[in-house]
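Please read it alongside the structure.

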Amino acid sequence: MRWRPETRVQGVMEEGGVGMHSTIQLYSPPPTKPSVPESLTRFFVPFDFDTHSMAFQSKKLINDPNDVVIEFIEGLIETYPGLQYLDGFPEVKVVLRADVSGAKYDKVAVISGGGSGHEPAHAGFVGEGMLTAAICGDVFASPNVDSILAGIRAVTGPMGCLLIVKNYTGDRLNFGLAAEQAKSEGYKVEMVIVADDCALPPPRGIAGRRGLAGTILVHKVAGAAAACGLPLADVAAEAKRASEMVGTMGVALSVCTLPGQVTSDRLGPGKMELGLGIHGEPGAAVADLQPVDVVVSHVLKEILSSETNYVPITRGSRVVLLINGLGATPLMELMIIAGKAVPGLQLEHGLAVDRVYTGSFMTSLDMAGFSISVMKADQAILDRLDAPTKAPNWPVGAEGNRPPAKIPVPLPPSHSIQSDKTLSRPEKLSPQGHILEAAIEAAATEVINLRDNLNEWDSKVGDGDCGSTMFRGAVAILEDMKKYYSLNDPAETINDIGSSIRRVMGGTSGILYSIFCKAAYAKLKANTESVVTALHWADALEAAIAAVSKYGGASAGYRTLLDALIPALSALKERLNAGDDPVDAFIISAEAVSAGAESTKHMQAQAGRSTYVPGDVLASVPDPGAMAAAAWYRAAALAVKEKYNTA
């Protein structure tokens, strides 16, 4: 329910107010207090997303929605002669400096990246004095491990490389796994996580604070330090220090639209959303649209709050201010915001504003709105920010002759990749191979059919692409199974599925399912018996769940896919140990997986982007990842039963 305005107050707001004469609507809280920070309750109101939303087809200047990232990179390279890309489309999408060759590069390489849709971040900040390479994932999806490794190998020399990663689970997992692989190949690698979000009060479960536009300032500091020839440890230390000095908060006037999808009018007319991320996920609260003076004052108070103490800024500090447009905000409005933020910092907070950067640095596709970043500054940080750079969107113009637009993807010094082998599907399937084929086909088909439902659920509790991500993986599995899956060998088949997923699925789902398959494969491969029994499959499922929990950080009750799979595993092992028929045990466990997925409606998220969504919204929607897991598991079980009944 929406809070109804009870009073109009003319005068000066106090205690988290605006420090100016205004007419502000005050709202009294409902009987049950919403999950909104107390300091926001003067301005912001809970919002019923179901009754106040509508959808309409968006207009985009694109071709195929699946090609937007590739075609963006091609246009970027044509525009800026100092940049190149690795010729690994569509899986490998890496933009790098044209003047850097990894084997010969004598400085620390600074690499960042993440999901696309935030342009000019990250590729627009590749250039001498800033990033050495940017790894581009699909829209709002973390890049895969192979892309990150390709970028590391392409630009990293003897001095090593620094990975600057925004604090999202998918980015941490993919960049982390790539870092460990690169280290095993002999590269020196360090990683700094940026978590500059100041909108949400602690605690935020295991997900923590999000990485937002303040990351760009960290890029500049690290890039300038690397350009001076400092060793990797020093560059990493400067980047980490800069990340601890900056705080960011965002405000949206509209919801962004993913390419090829419909536009949601979640906010409704006359509304704004405060405390949002950069992937279209709902913010901390919704409010009536306020004058920009009021909004800017409140945002600054939240960033500089002594209660959260997110940034070490006190009266008398020197600061840097970054006003960032989210994609559809006119420069005029951004300049108005800057014009209000500077005196606000000076007069209300007693700070010396040494630098102001205004423009679109880290957007959210076509979202209307802005974010403000405030960084504590000293002379060392100012020197890094003032250092010259050729990164095109800092902005500094790029110069030089145009080199070839693309270069080959580098391979590791010693490699053994699947393409070196002769890949082919067995000419004749064994009885077990036929059953495995039927189970995989049914599971993938069910995920394909569920795409729109998964996207709809995810649009309310995440970034709206769960169905599309799972769809890509399922389609690849069906196509690859016809060509080369080792269906007569269960262990190798699971490994094949993991390879398909890793190639096409981005974001957290892709890396988690890759880990899932790799752990299950290792468990099945360790089996020395000639036949894989139902107990062997249960052990493999248990190993896969344990690996996802270990690397993803989630466990039962965290509102993830594990809340579907853990009950299924428990039921499966219980029935098998009791001596039940394996097919019957599988069907019973499928009932448990469905019940587990539905139970996520009643859970408070402690992992992933749902941790940023108000509890009243979560209560009406199951976790999309859990529902996807339940769908493929149940479909596989039914297919196995049907296959045995007709055998």
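**Notes on charged residues**

1. E78 is exposed, at 52% relative accessible area (exposed is over 50%, buried under 20%, partly exposed in between; 1.4 Å probe, protein chains only). E78 belongs to helix α1, residues 68-79. Together with D64, E71 and E74, E78 forms a negative surface patch.

2. This is a predicted model, in which local features need pLDDT of at least 70 and side-chain atom pairs count only at pLDDT 80 or more, while totals for chains, interfaces and linings use all residues. Residues are numbered from 1 along each chain as its sequence is written, and side-chain values use heavy atoms, with hydrogens and water left out.

3. There are 27 salt bridges, each defined as a side-chain nitrogen of Lys or Arg within 4 Å of a carboxyl oxygen of Asp or Glu. One network of salt bridges links K93, D138 and R472.

4. R355 and D386 form a salt bridge at 2.5 Å, N to O. R355 is in strand β16 (residues 352-359) and D386 in helix α8 (residues 379-386), so the pair ties together parts that are 31 residues apart in sequence. R355 is partly exposed at 25%, and D386 is partly exposed at 42%.

5. The side chains of R425 and E437 meet in a salt bridge of 2.4 Å, N to O. R425 sits in the loop between β18 (406-407) and α9 (431-449), and E437 in helix α9, 12 residues apart. E437 is buried, at 18% relative accessible area, whereas R425 is partly exposed at 25%.

6. D99 and R97 pair in a salt bridge at 2.9 Å, N to O. Here D99 is exposed at 51%, but R97 is buried at 8%.

Key. Patches are made of residues with over 30% relative accessible area and no salt bridge: like charges are joined within 9 Å, nonpolar side chains (Val, Leu, Ile, Met, Phe, Trp, Tyr) within 5 Å. Accessible areas come from the Shrake-Rupley method with a 1.4 Å probe; for residues, only the protein chains shown count as cover. Lys and Arg count as positive and Asp and Glu as negative; His and the chain ends are not counted. The place of a charge is taken as NZ of Lys, CZ of Arg, CG of Asp or CD of Glu. Helices (H or I, at least four residues) and strands (E, at least two) are DSSP runs, numbered from the N terminus.
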